[in-house]
Amino acid sequence: MIHYKTSEEVLKIKESADILGKAHGEVAKYVKEGVKTSFLDKIAEEFIRDHGAVPSFKGYNGFPSSLCISVNEVVVHGFPSEYELKDGDIISVDCGVFHQGFHSDSAYTYPIGEVSPSILALLRSTRDSLYLGIEQAKFGNRVGDIGHAIQKFVEAKGYTVVRELVGHGLGRKLHEAPEVPNYGKKGSGPLLKQGMVIAIEPMINLGSRNIVQERDGWTIRTADRKPSAHFEHTVAIFEDRTEVLTTHKYIEEIFKF
């Protein structure tokens, strides 16, 4: 069942998303060579709790950390660890915030140091595909219109779309209906209506779309071990507009590529 939000509830999600955006900005200050990914997790959790909120991911179905940190061929759901970032890595930082009874969720993939042109192009294309998906996330369209826009754009560039992992509704729960795939047919899927809040999150691979799950039960990586990129925003659907509730502006004030 899709839970449609009132304007007041959307405002609460936006307030959660404001903390989330600033937490991402705080983490961005430390995304560089030689930094342990566990340190980034510590920075995020401290910032979120200091602002009266709770990390959405920590403890979710047993997940041990506040951030999902996914490096290189890891698509999503990677654990923060003692791994030190290296020149040429890419790192997806996915974070959620629970505040005043509502969740927000967003992700950003960073290049570390000198990244190959082909991988940098993957990151830029994945980021662009997110906004193309958001353009289709409007009142009267359908969920399939979002996925179609993402899929058409990235596949034209030779990339592949992960099929097993999708975006989602969110609100009082971190994951709600509907699922929001990054592939699909125009005019298919649930109708986008006033009060829907969804997370759109393209997960795009440089090589094959096939993925495997590691033995930890969480970490998802590409089967061919080629890099994967991931960007995400939480958006709200209104009759007269679509509002992007999360922000990457605090990241991009510090980190541009």
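Predicted model: local features only at pLDDT ≥ 70, side-chain atom pairs only at ≥ 80, totals over all residues.
Entry 1. I began with the ring pairs and found seven aromatic pairs in the structure.

Entry 2. I looked up Phe 63 and Trp 218. Their ring centres lie 5.0 Å apart with the planes at 75 degrees, so I noted the pair as edge-to-face. The cut-off for that label is over 60 degrees. I then checked where the two residues sit in the chain. Phe 63 is in the loop between strand E1 (54-55) and strand E2 (67-71). Trp 218 is in the loop between strand E11 (211-213) and strand E12 (220-222). The pair links distant parts of the chain, 155 residues apart. Phe 63 and Trp 218 are both buried.

Entry 3. Next I took Tyr 108 and Phe 231. The ring centres of Tyr 108 and Phe 231 are 5.0 Å apart and the planes stand at 75 degrees, so this pair is edge-to-face. Tyr 108 belongs to strand E5 (residues 102-111), while Phe 231 is in the loop between strand E13 (228-230) and strand E14 (233-237). This pair also joins distant parts of the chain, 123 residues apart. Tyr 108 has a relative accessible area of 0%, so I listed Tyr 108 as buried. Phe 231 counts as buried too, at 0% relative accessibility.

Entry 4. I followed the ring pairs onward from Tyr 108 and Phe 231. They link Tyr 108, Tyr 110, Phe 231, Phe 255 and Phe 257 into a cluster.

Entry 5. Last, I looked for charges over rings. Arg 163 lies over the face of Tyr 183, 4.5 Å from the ring centre. Arg 241 has its charged end over the ring of Phe 238, at 3.9 Å from the centre.

Conventions:
Residues numbered from 1 in each chain as written. Heavy atoms only, no water. Phe/Tyr/Trp six-rings, centres within 6.5 Å; stacked < 30°, edge-to-face > 60°. Helix = DSSP H or I, 4+ residues; strand = E, 2+ residues; numbered from the N terminus. Buried < 20%, exposed > 50% of the residue type's maximum accessible area, 1.4 Å probe, protein only. Lys NZ or Arg CZ within 6 Å of the ring centre and 35° of its normal.
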